[in-house]
Amino acid sequence: MRYAVLGDVHSNISALEAVLKDARAVGVDRFLCVGDVVGYGAAPSQAIEMLREIDCGVVKGNHDAAVTGELNPVCFNPMAREAVAWTRSQVSEEDLDWLKALPMVFHVEHATVAHGTFDKPEHYKYVMATEDADPSLDTQPLPVCFVGHTHVPVSILRLREDPDRTSYTLSTLVDLGEAEKALCNVGSVGQPRDEIPAAAWGLFDATTQHLEIRRVDYDIQREADRIREAGLPQFLADRLF
């Protein structure tokens with residue numbers, strides 16, 4: 001089984017289109033998404049529709065929850081709050097119902113999916129250091145859990161040869177078969193934050209236990225223009241570059 005694991009899409013359909021094309025080209029059996037389908041970008045309904053069309057297994061990100069009113073965005077920065085309000089005005093009731101129905105955690109045969117952490121996913125905590133991953137690694141029921149939220153690809157591991165130590169790797173090709181437990185951030189489709197503007201996604205082969213973080217170029221200018229034309233903050237367009 002080969003999974004395409006999509007990180008924070010954030011209403012960026014140019015990036016999503018490019019990633020889906022790449023995933024189909026290399027061959028995948030199932031699509032998963034770590035949440036934050038909407039927010040920041042200017043095509044929320046289109047992003048939702050594209051994920052529904054491929055029967056993607058999706059969890060609820062903090063921006064998704066803010067748009068539905070399930071999360072108070074008081075802690076969001078002003079531009080993120082503005083994007084939440086704009087998104088609410090653009091999506092349909094059907095879109096809102098779909099976002100509301102998203103689970104906090106999603107399990108498939110070979111992996112678990114959450115947004116920020118497996119441990120207390122409703123708190124939307126950030127994994128910024130190895131110790132931040134420990135509660136998830138301690139409690140996740142399957143060896144592999146995929147997350148997003150920080151928009152930075154990283155795999156945090158407890159290796160079989162040293163299971164008491166939590167380590168990490170920024171490698172784009174990781175052998176998860178060497179890990180007793182792994183919490184893997186697949187980066188962001190719609191808004192990477194690791195100084196590489198190309199869309200990121202994870203290809204997980206459950207047979208070989210290999211995870212590859214793939215990067216795909218897309219028409220950033222097109223998506224930036226879409227954000228500006230929608231009247232969203234200029235910074236949200238500029239950040240894509």
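Analyst: Just after helix α2, Asp-55 takes a positive phi of about 55°. Helices here are DSSP runs of H or I with at least four residues, strands are E runs of at least two, and both are numbered from the N terminus. This is a predicted model, where local features need pLDDT of at least 70, side-chain atom pairs count only at pLDDT 80 or more, and totals for chains, interfaces and linings use all residues. Residue numbers start from 1 along each chain as its sequence is written, and side-chain values use heavy atoms, leaving out hydrogens and water.

Now the helix itself. α2 spans residues 44-53, and its buried residues are Pro-44, Ala-47, Ile-48, Met-50 and Leu-51. Buried means under 20% relative accessible area, with a 1.4 Å probe and protein chains only. These residues are on the same side of α2 because they cover an arc of only 160° around the axis, taken from the directions from the helix axis to the C-beta atoms. As a rule, an α-helix has 3.6 residues a turn, so residues three or four places apart point the same way.

What does that buried side of α2 pack against? The partners are the strands β1 (2-6), β2 (30-33) and β3 (57-58), plus the helices α1 (13-26), α4 (78-90) and α5 (93-101); contact means heavy atoms within 4.5 Å.

Those strands belong to an open, mixed sheet of 6 strands, ordered β3-β2-β1-β11-β12-β9. β3 and β9 (173-175) are at the edges with a single partner strand each, so one side of each has no neighbour in the sheet. Pairing takes at least two DSSP bridges between two strands.

Notes:
Buried means under 20% relative accessible area, exposed over 50%, partly exposed in between (1.4 Å probe, protein chains only).
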